[in-house]
Amino acid sequence: MSLFENSEMCVSGVDSLEPQQKLLILSFIETRAVELEENTLELLRSLPLFEVIEDDTYKFTDIAQRKYSYHSITSSTTPQIVLEFHSSNLKILSHRSVEIANTTLKKLGIHSLSISSFFTRYVFPVISEMPRTKILESMRHCKSKFRELCSGEEDFEQSIMNLKWIQCGDGTFRSAHELFDPNVPLFFSFFEKKSSFPPTWMPRDMFDFLKTLGMRTFLSMYNESLAHYTQHSNHTGTTMD
C-alpha cells in the first residue's frame with residue numbers, strides 16, 4: 001500500500017497546516033523512507049512540506065519546480081551570508097528539515113552543499129553584480145573562514161584566488177593578484193593608480209586578505225612587468241601619477 005492513498009487530498013490539505021505540523025509529517029515520512037517508491041516521491045515533491053530559506057527568512061514550499069536547484073547545507077548553523085543571498089535558481093533547505101528527514105531528502109534527489117561549494121557555485125559567478133556592501137560581506141566571511149572553506153572544497157582556493165571581485169577606480173573588476181600593494185611607494189612610479197591598486201573603498205582591514213589572495217608586494221617578482229611599464233613610459237614620454 002502506498003504511503004499516500006489520496007494525492008489530491010494531500011496536496012490541498014498540507015498547505016493549511018501549521019509549520020510544526022508540517023515538520024511532524026516530514027518526520028513521520030522519514031520513518032518510512034526506505035519504503036518510498038517513485039510515484040510517492042513524485043507526490044512528496046508537490047507538497048509544501050519543505051522549509052527553505054527565502055528573503056532572509058524561512059517558508060514552506062514544494063520542491064517540484066524544475067527552475068530551481070534544491071540543496072541542503074552541510075553546516076549545523078546556516079551562516080547569515082546564506083540567509084541573505086538572493087538567487088533566481090537556488091533554494092536552500094533549513095537545517096531542521098535536513099535533521100528530521102535526511103534520508104527522505106536524499107531519495108528526493110536533494111544533495112548537500114558545503115559552504116565552500118555554495119560560494120563557488122552560486123556567489124562567485126554573480127559577485128560583480130552584487131551591491132558593494134554585499135561583496136564585502138561575502139569576502140569578509142571568506143576571510144574569517146578561509147582555511148575552513150579551502151578544506152571544504154578542492155577548487156575553492158583556486159576559485160577565490162582568480163575571482164574578479166574588486167572594482168578598481170577605472171571601473172574594471174580585478175582579482176587581488178592583479179593589484180599592487182599601495183604600502184610600497186615605489187609601485188606608484190610604475191603603475192597606474194586607478195587600475196593597479198586597491199580602490200579607495202577597500203577597507204584597510206582587508207589588505208592582509210588581499211595579500212593572502214595574491215596582491216603583489218615584492219618588486220623583484222615583477223621585473224618583467226616593471227620593464228614593460230618603464231619602456232611604455234619612456235616611449236610615450238608620459239609619467240604616471
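Trainee: In β4, which residue is the bridge partner of isoleucine 53?

Mentor: Strands are DSSP runs (E, at least two residues) numbered from the N terminus, and two of them pair if DSSP finds at least two bridges between them. Here the bridge partner of isoleucine 53 in β4 is isoleucine 92. β1 and strand β4 (residues 90-93) pair in the antiparallel sense over two bridges. This is a predicted model, in which local features need pLDDT of at least 70, side-chain atom pairs count only at pLDDT 80 or more, and totals for chains, interfaces and linings use all residues. Residues are numbered from 1 along each chain as its sequence is written, and side-chain values use heavy atoms, with hydrogens and water left out.

Trainee: How many bridges join β1 and strand β2?

Mentor: β1 and β2 (residues 57-61) are paired over five bridges, in the antiparallel sense. Valine 52 stands opposite lysine 59 in β2. The two strands form a hairpin with two residues between them, and aspartate 55 in the turn has a positive phi of about 55 degrees.

Trainee: Is strand β1 mostly covered or uncovered?

Mentor: In a regular strand, side chains alternate between the two faces of the sheet. Buried means under 20% relative accessible area (1.4 Å probe, protein chains only). Strand β1 (residues 50-54) is mostly covered, with four of its five residues buried. Of the 241 residues of the chain, 44% count as buried.

Trainee: What is the share of contacts between residues 24 or more positions apart?

Mentor: A contact means heavy atoms within 4.5 Å. Such residues account for 62% of the contacts in the chain with a separation of 6 or more.

Technical notes:
Buried means under 20% relative accessible area, exposed over 50%, partly exposed in between (1.4 Å probe, protein chains only).
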